[in-house]
Amino acid sequence: MRGKSVSILGCGYIGLPVAKALIQRGWRVRGSTTSSEKLSMLLAMGIEPFRIRLTPDLEGAGLVDFFDSEVLLLNFPPGRKRPDVEAFMERAMDGLLAAIQDGRVCFVVFASSTSVYSSGTVREEDAGRPPPDTASGRALLAAEMALRQLSTIQTTVLRYGGLYGYERKPGLFLTGGIVQGGTRPVNLVHRDDAVDVTVRVIAQNVCGEVFNVCADKHPTRAAFYVQAAKWLGRSAPTFGPDYSLPAKIVLNGKLRRTLPYTFRHPDPMRRAP
């Protein structure tokens with residue numbers, strides 16, 4: 001790459017701390033938000049601000065400038081509760097792919113999710129076999145494939161586990177009541193690790209890879225959420241029968257070996273910020 005410039009589509013829970021870390025490393029960072037009120041905040045942090053929306057069409061001022069970076073971090077949720085999430089994501093990706101190819105981007109880092117897996121003990125090569133259970137998982141897997149098929153642009157896919165830490169406190173996710181699936185394992189990653197991995201992939205130009213970004217340990221839902229509720233002094237949920245709900249364990253061995261990476265928060269059962 002000719003320089004150290006990155007555009008981050010989605011300066012939110014992950015994108016914003018990634019931007020801060022790259023600025024500290026001397027990178028030029030362009031960042032997007034959907035809110036006009038946040039533009040001044042991004043500017044004050046040293047981020048070149050853009051207001052960009054996917055409706056699903058790509059909309060916003062300065063799109064040519066935004067895609068004038070060597071690296072692009074695509075970090076936007078597909079909207080898993082949307083009834084049309086697959087069609088929405090497909091159209092959004094059409095616009096993004098055109099903008100990427102018209103711009104100066106040569107390396108894309110795509111923030112995906114472990115929802116691309118169905119069940120079982122899974123590694124990176126297992127995505128799509130069988131197809132994801134959820135529409136949002138299918139939408140993300142299709143987006144991954146579209147990006148990786150670009151012939152002139154390198155893509156690395158980061159499949160984050162369930163994100164937690166700081167303002168996302170798991171003890172608030174499930175409180176009181178009866179919840180099914182207590183014996184199923186959790187696949188989580190603390191924001192510190194998600195950000196560290198993303199920054200290292202970008203800074204070290206780790207192209208053409210797919211990584212599971214998920215903690216080493218997989219406690220049961222019952223053990224984890226009961227403990228998380230206790231940390232906050234909240235009423236813990238009661239876990240009922242599983243009714244044969246599928247279990248999934250996402251393995252992170254490739255990330256630990258290849259990058260290589262040692263997790264700062266390998267066990268969600270240990271209290272973290």
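**Ground rules**

I number residues from 1 along each chain as its sequence is written, and I use heavy atoms for side-chain values, with hydrogens and water left out. As this is a predicted model, local features need pLDDT of at least 70 and side-chain atom pairs count only at pLDDT 80 or more, while totals for chains, interfaces and linings use all residues.

**The sheet**

I took helices (H or I, at least four residues) and strands (E, at least two) as DSSP runs, numbered from the N terminus. I then looked up the strand order: 8 strands make an open sheet with mixed pairing, running β4-β3-β2-β1-β5-β6-β8-β12. Two strands pair if DSSP finds at least two bridges between them.

Which strands stand at the edges? I found β4 (58-60) and β12 (210-213) there; each has a single partner strand, so one side of each lacks a neighbour in the sheet. On average, neighbouring strands are turned by 25 degrees against each other, direction ignored.

L54 has L58 in β4 as its bridge partner.

**Strand β5**

I followed β5 to both of its neighbours. With β1 it pairs in the parallel sense over 4 bridges, and I8 stands opposite L73. With β6 it also runs parallel, joined by 4 bridges, and here L74 stands opposite F110.

In a regular strand, side chains alternate between the two faces of the sheet. In β5, V71 and L73 point one way and L72 and L74 the other, all of them buried. Buried means under 20% relative accessible area, exposed over 50%, and partly exposed in between (1.4 Å probe, protein chains only).

**The cores**

I counted a nonpolar core as a set of buried Ala, Val, Leu, Ile, Met, Phe, Trp, Tyr and Cys residues joined through side-chain atoms within 4.5 Å. The largest one has 36 residues, and F67, L74, L96, I100 and L147 have the most contacts inside it. Elements giving two or more residues to this core are β3 (48-54), β5 (71-74), α4 (85-102), β6 (107-113) and α5 (135-148). The largest share, 8 residues, comes from α4.

Contact here means heavy atoms within 4.5 Å. Leaving aside neighbours within four places in sequence, L74 touches L9, L96, I100, V108, V109, F110, A111 and L147. I also found a second, separate core of 35 residues, which includes L16, L42, L73 and V206.

**Helices**

I looked at α4 against α5 next: they pack at an angle of about 20 degrees, axes 9 Å apart. They are therefore roughly parallel, a term for angles under 35 degrees. I fitted axes to C-alpha atoms, for helices over the stretch in contact, with angles from 0 to 180 degrees between N-to-C directions. Among the residues that meet are M93 and I100 from α4 and A143 and L147 from α5.

Helix α1 (residues 15-24) lies across β1 (5-9), β2 (28-33) and β5, at about 170 degrees to β1. Helix α6 (residues 191-203) lies across β5, β6, β8 (154-160) and β12, at about 170 degrees to β8.

**Two single residues**

Beyond four places in sequence, T198 contacts V18, L73, L158 and Y160.

K169 sits in the loop between β9 (162-164) and β10 (178-179), and is partly exposed at 37% relative accessible area.

How values were computed: Angles under 35 degrees count as roughly parallel, over 145 as roughly antiparallel, 65 to 115 as roughly perpendicular and the rest as oblique.
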